[in-house]
Amino acid sequence: MELPYTEPYKIKTTESIRQGTCAEREKWIKESGYNLFKLRSDHVFIDLLTDSGTGAMSDEQWAEIMKGDESYAGSRSYFKLSDTVKELLGMPYFLPTHQGRAAENVLFSALIKEGDVIPGNSHFDTTKGHIEFRKAAAIDCTIDEAFDTSGFYPFKGNLDLKKLEKVFKKYPKEKIPLCIITITCNTSGGQPVSMKNIKEVSALCKKYGIRLFFDAARFAENAFFIKTREEEYMNVGIRDIVRGMFSYADGATMSCKKDAIVNIGGFIALRDKEIFDKASVFNIMFEGYLTYGGMSGRDMAALAQGLWEGTDFQYLESRIRQVAYLGDKLKYYNIPIQEPTGGHAVFVDAKRFLPKLPKQQFQAQTLAVELYKEGGVRGVEIGTLLADRNPQTRENRYPKLELLRLAIPRRVYTYNHMDYVAACMANIYNRRNEITTGYKIIKEAPIMRHFTIELEKL
Ligand SMILES: *Cc1c(COP(=O)(O)O)cnc(C)c1O
């Protein structure tokens, strides 16, 4: 008999979770203004809100926590981390930050000014927030295939070179401080970018004299997809693919809470000394001295170890397989999802799931609330609430996709948990015709509203 696939690790520590009752969940979600961010985690059974900072560290990482050097300046743990980043990514300069958006804040302070445009593939919400906060604009150049959830395309994170060149032609070089490739592309469904596309975008950027940066939160998962979907790379190791990817970029911002499997941490990697010097000033101002940047020594030590583990093929295979397992299970129940499944999450297409619900009543959010009520599973809306209002007109921006993201924390849940989540979704799917009303906004912040928004049931 062919042996089934199993994870390359076993569990040493456990944490209890509690399901709650239907009545309890109804009460808790109402008290939270139907905003899943406002729930207490004790009131969540299976938490698929995010894969950010929610992973399980290994025994080796916990050992590094004990070995952390807490010196303010010149910490041993800093050098361990900076050596790791330099070796893995091949970038000569490195600045530690406390998380990904902090890296964006520091880098963009050095590079972006009012009136600039920053093309990319569906910029992540904090990236877009930091661009728009500086009165600059993020221009989405993602390929059209990304917005058709039912069509299979292996690299839905790719940039459309025609769209990108149009931006390069329309605006003077001085107004385009950088182009950002998000790997994998979170917003379009955890979809990877091919090495071919990275090369082509890099060549186009060079032709127009534009810097190319990666938003690298899930660079290792992206490398795994390159290895498994791009024929030329089938026999190339993950770390060689990673080096290859980064060889085309001028720098990167990284949220280490994703592929580096730590609970907090981030960094900027750079090729250019001048940008490094400029960014260093902001790093000291916003984050901390150059050899800790908002992290403790032990955080940096565990992070260095996590970067090695996160780029291990066996680990990545177990990770991507578990996400695909949930995706396949949902498809088995006829639930419409973004295909193929992404690296870190399954994205349920709420427009196709709840076609009778008007978009003005927030389809993906409605589905997210239903899932919580059904089984205590917390997902997150990637739709109109996240897309925020147009900064000029203050009108709601209705994105092409209304998605419910089920993000899987790394090394945390079992296949049984995935079965449970799929069954909850199937139950909702079977009663989808009864879901005819959604929600209206009663309170919202001027920027990144989804975190604190309050809603009322219509
Ligand atoms: C999470 C994330 C960020 C922001 O990082 P934080 O660590 O949450 O501040 C930026 N870009 C992408 C693609 C992300 O997934």
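1. Helix α12 (residues 313-332) supplies the largest share of the lining of the second largest cavity, with 4 residues. The model is a predicted one. The lining of this cavity consists of E7, Y9, Y315, S318, R319, Q322, R411 and Y415. By class, these residues are 3 nonpolar, 2 polar and 3 charged. The volume of the second largest cavity is about 60 Å³.

2. The largest cavity holds about 90 Å³ of space. Its lining is made up of Y34, N35, L36, F37, Q365, G379, V380, E381, L385, H450, I453 and L455. Here the division is 7 nonpolar, 4 polar and 1 charged.

3. In total, 3 cavities of 30 Å³ or more are counted.

4. The ligand is surrounded by 14 residues, and the closest are Q99, R101, D215, S255 and K258. The shell comprises 2 nonpolar, 6 polar and 6 charged residues. Helix α4 (residues 100-111) gives the most to this shell, namely 3 residues.

5. Several polar pairs involve oxygen atoms of the ligand. A polar backbone atom of G100 is 2.8 Å from a ligand oxygen. For R101, an N or O atom of the side chain lies 2.7 Å from an oxygen atom of the ligand. R218 places a polar side-chain atom 2.9 Å from an oxygen atom of the ligand. The ligand taken alone exposes 370 Å², of which the protein buries 97%.

Key
Residues numbered from 1 in each chain as written. Predicted model: local features only at pLDDT ≥ 70, side-chain atom pairs only at ≥ 80, totals over all residues. Heavy atoms only, no water. Near = heavy atom within 4 Å. Polar contact = N/O pair within 3.5 Å; in protein donor to acceptor, adjacent residues only side chain to side chain. Areas by Shrake-Rupley, 256 points an atom, 1.4 Å probe, with all protein chains shown as cover. Helix = DSSP H or I, 4+ residues; strand = E, 2+ residues; numbered from the N terminus. Nonpolar A, V, L, I, M, F, W, Y, C, P; charged D, E, K, R; others polar. 1 Å grid on protein atoms, 1.4 Å probe; cavity = no way out; pocket = protein on both sides within 12 Å on 5 of 7 lines; lining within 4 Å. Points joined across faces, edges and corners; volume = space filled by probe spheres on them.
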